Amino acid sequence: MDNYYGPGRNHLFVPGPVNIPEQVLRAMNRNNEDYRSPAIPAMTKVLLEDVKKIFKTITGTPFLIPTTGTGAWESALTNTLSPGDRIVSFLIGQFSLLWIDQMQRLNFNVDVIESDWGTGANLEVLGSKLAADTGHTIKAICIVHNETATGVTNNLAAVRKLLDHYQHPALFLVDGVSSICALDFRMDEWGVDVALTGSQKALSLPTGMGIVCASPKALEASKTSKSVRVFFDWKDYLKFYNMGTFWPYTPSIQLLYGLREALDLLFEEGLDNVIERHTRLAKATRLAVEAWGLKNCTQKEEWFSDTVTAVVVPSYIDSSEIVRRGWKRYNLSLGLGLNKVAGKVFRIGHLGNLNELQLLGCLAGVEMILKDVGYPVKLGSGVAAACAFLQNSIPMIPSRI
Ligand code: PLP
């Protein structure tokens, strides 16, 4: 029995976990299988090749790990670095804060570059640190590509440019949890050494698989790094890759079939089209926010995120009440404001397997909620602004032309 039953579908607009497409649900609806039979290694071999495409890498080595984004962070750090190593990292929101906390708890020496929440990574400060570091004490730059708490996207190409400019050998580790499969991401071109994501975000799978991809330089570093690691040790995976059996421990069979289907859907739509769809949905959301007379938490256009929009509410409104109402009255799930921005922003996640009409349902819901909580919104204003843009920009569905 469902104690919290509501008719129709829940409009799931938190920025992860996201909606799982019907095709993926069906693909996962199957029994367990022997992962040592010839079938699962054969399937895994192809999955590992295909998953490289979402990172845009030829030279990277991917790992499919039974974990979440947090475990993927740990895998990236402990395989490539040693306790005491100096890491430069950016604190711009809740997820960059949590990653930094993990780095500190793992005994790395974190040099934090902090900026106001709603702004991007301060690359000027990074530049001066790299310029001063002629002895190459900085072993890694860690950055969250898309800060999910504030809706800020950082410029990874600019980070690579700085590293190259100063001919600095630091490893470049990137959290792509709320960006990969939704935003432009180019592991090889940007010289990213470890990129990672979680299955419940833009891949639109259930939670439970961390996908980590290591460059040849990162793999080399893993041979000498001294961090204690057991469950996340890449060496164990590589041993089984070499044997052709692929799994050092039991994978979720259902998630593997789900990943197969999720990748097929992404490739059928075309990765570039998927990215364009995210750009379109985000633009429509921002137009609605503007029409409501509300502000985006993100301070400058260059940092606007195409996967999540954090909307600032006037001080007389508690944004948590907006989220509560959405769920209780409209079967709509929005993201809460986290930590420093708790009560001040609510978040609209627009990532994953999502289309324009679904988004409009969410925007209509937000308008009614805003009215409920006493904000003087004109009903239909945001939806109209979004529709006016979308009606001119939605392409034909590629497979139906
Ligand atoms: N990194 C980012 C950017 C996130 O948005 C999240 C979760 O939302 C995480 C890391 C942590 O991932 P998980 O909750 O899967 O451990």
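This note goes through the aromatic pairs, the charges over rings, the surroundings of the ligand and some backbone features of the model.

1. Basis. The model is predicted, so that local features need pLDDT of at least 70 and side-chain atom pairs count only at pLDDT 80 or more, while totals for chains, interfaces and linings use all residues. Residues are numbered from 1 along each chain as its sequence is written, and side-chain values use heavy atoms, with hydrogens and water left out.

2. Aromatic pairs. Rings of Phe, Tyr and Trp (for Trp, the six-membered ring) are taken as paired if their centres lie within 6.5 Å, and a pair is called stacked with planes under 30 degrees apart, edge-to-face with planes over 60 degrees apart, and tilted for the rest. By this rule the count comes to 12 aromatic pairs. In one of them, the centres of Phe231 and Phe232 are 5.2 Å apart and the planes stand at 75°, so this pair is edge-to-face. Phe231 is partly exposed, at a relative accessible area of 37%, whereas Phe232 is buried at 12%; here buried means under 20% relative accessible area, exposed over 50% and partly exposed in between, with a 1.4 Å probe and protein chains only.

3. The rings of Phe231 and Tyr249 have centres 4.8 Å apart and planes at 15°, so they form a stacked pair. This pair links distant parts of the chain, 18 residues apart, with Phe231 in the loop between helix H7 (216-222) and helix H8 (234-243) and Tyr249 in the loop between H8 and helix H9 (253-269). Helices (H or I, at least four residues) and strands (E, at least two residues) are DSSP runs numbered from the N terminus. Ring pairs join Phe231, Phe232 and Tyr249 into a cluster with Phe63, Trp234, Tyr237, Tyr241, Phe246 and Trp247.

4. Charges over rings. A charge is said to sit over a ring if NZ of Lys or CZ of Arg is within 6 Å of the ring centre and within 35 degrees of the ring normal. Arg30 lies over the face of Tyr257, 3.5 Å from the ring centre, and the charged end of Lys53 sits over the ring of Phe267, 5.0 Å from its centre.

5. Ligand shell. There are 13 residues around the ligand, of which Thr68, Thr70, Thr148, Asp175 and Lys201 come nearest; a residue counts as near if one of its heavy atoms lies within 4 Å. Helix H3 (residues 69-80) gives the most to this shell, with 3 residues.

6. The protein covers 86% of the 390 Å² of accessible area that the ligand has on its own, with areas taken from the Shrake-Rupley method and a 1.4 Å probe.

7. Backbone. Most residues other than glycine have a negative phi, and most peptide bonds are trans. The bond from Gly16 to Pro17 is cis, with omega near 5°, and Pro17 is placed in the loop between strand S1 (11-13) and helix H1 (22-28). Lys56, in the loop between helix H2 (39-55) and strand S2 (61-66), has a positive phi near 50° and is partly exposed at 33% relative accessible area. Ser204 also has a positive phi, of about 60°, but is buried at 2%, in the loop between strand S9 (194-198) and strand S10 (209-214).
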